[in-house]
Amino acid sequence: MQLVFLGPPGAGKGTQAAVLAREMGIPQVSTGDMFRAAVRDQTPLGREAQRYMEAGELVPDEVTIGIVEERLRARDCQNGFILDGFPRTVAQAEALDRILSAMGRPLDRAVEFRVDEEEVVRRLAGRRSCPQCGAVYNVHTQPPQQAGVCDRCGSQLVQREDDREETVRARLAVYRTQTAPLIGFYEQSGRLVRIDAARRPDEVTAELKEALGIA
Ligand code: AMP
């Protein structure tokens with residue numbers, strides 16, 4: 001199955017993509033994770049992406065589309081994938097349709113994770129992630145077993161630089177103006193599924209599976 005997860009930062013796209021990808025045996029393709037790895041390794045891509053990320057802005061389309069296209073051609077994506085955080089602009093969504101149509105494998109569904117902005121700000125303030133393995137926690141709703149330490153790999157958890165409140169507000173404004181129009185784009189072509197993402201993670205997973213017919 002070939003899926004796109006849409007929704008504001010903090011809606012739980014990454015958490016749900018990780019669960020579903022594991023269960024379905026397909027990769028979670030997160031452009032945010034790819035950019036963070038590039039920044040950590042200070043590659044040329046990372047150096048370019050870093051200034052946009054720190055400001056809460058989008059990395060330019062040409063750069064982002066290029067890395068996604070390369071990733072989707074990899075062998076492990078042949079049986080499907082979950083795109084988490086891509087596309088984020090209409091140009092990216094159109095490019096994705098072109099890429100997938102050239103590969104002869106159209107997108108199955110775009111899932112919109114619906115949650116209001118104040119909830120997102122609250123969630124992101126509590127989000128902590130592992131700089132080593134990418135695992136994500138929340139100090140209120142999904143704390144690690146030992147405070148500040150990753151359950152999976154034992155590394156020290158950090159708050160993402162761009163999860164600070166002013167940057168979150170900037171990212172939400174970018175979502176509203178540049179990414180929310182994609183909901184109409186997928187709705188018009190009959191590929192949109194809407195999920196109430198304001199609930200507990202396990203409830204969201206159940207609704208998601210039912211909506212995708214994989215319950
Ligand atoms: P995320 O982890 O998905 O919230 O992404 C973190 C940051 O990476 C975003 O605020 C953007 O700066 C950048 N980024 C991730 N995905 C994209 C994308 N599809 N297009 C442009 N920039 C992106």
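Does Cys153 count as buried, partly exposed or exposed, and at what relative accessibility? I found that Cys153 counts as partly exposed, because its relative accessibility is 38%, where buried means under 20% relative accessible area, exposed means over 50% and partly exposed lies in between (1.4 Å probe, protein chains only).

Before going on, I noted that this is a predicted model, in which local features need pLDDT of at least 70 and side-chain atom pairs count only at pLDDT 80 or more, while totals for chains, interfaces and linings use all residues. Residues are numbered from 1 along each chain as its sequence is written, and side-chain values use heavy atoms, with hydrogens and water left out.

**Entry on Cys153.** I located Cys153 in the loop between β6 and α7; helices (H or I, at least four residues) and strands (E, at least two) are DSSP runs, numbered from the N terminus. Leaving aside neighbours within four places in sequence, Cys153 is in contact (heavy atoms within 4.5 Å) with Cys130, Gln132 and Cys133.

**Entry on Asp162.** The loop between β6 (136–138) and α7 (165–179) also holds Asp162, which counts as buried because its relative accessibility is 12%. The side chain of Asp162 makes a polar contact with the side chain of Arg160 at 3.0 Å; such a contact is a pair of N or O atoms within 3.5 Å, and within protein one must be able to donate a hydrogen and the other to accept it, while residues adjacent in sequence count only if both atoms are side-chain atoms. Not counting residues up to four places away in sequence, Asp162 touches Met53, Thr167, Val168 and Arg171.

**Entry on β3.** I checked both faces of this strand and found them covered, with Phe81 and Leu83 buried on one side and Ile82 and Asp84 buried on the other. β3 pairs with β1 in the parallel sense over 4 bridges, where pairing requires that DSSP finds at least two bridges between the strands. Gln2 stands opposite Phe81 of β3. Strand β2 (residues 28–30) also pairs with β3 in the parallel sense, over 3 bridges, and there Gln28 has Ile82 as its bridge partner.

**Entry on α8.** I found Leu182, Ile183, Phe185 and Tyr186 buried in α8. They cover an arc of only 160° around the axis, so they lie on the same side of α8; the arc is that of the directions from the helix axis to the C-beta atoms. The buried residues of α8 pack against β1, α5, β4 (109–114), α7 and β7 (192–196). After α8 comes Gly190, whose phi is positive, near 70°.

**Entry on the ligand.** I counted 16 residues around the ligand, the closest being Thr31, Arg36, Glu57, Gly85 and Gln92; a residue is included if one of its heavy atoms lies within 4 Å of the molecule. A polar side-chain atom of Arg36 is 2.9 Å from an oxygen atom of the ligand, and a polar side-chain atom of Arg88 is 3.0 Å from a nitrogen atom of the ligand.
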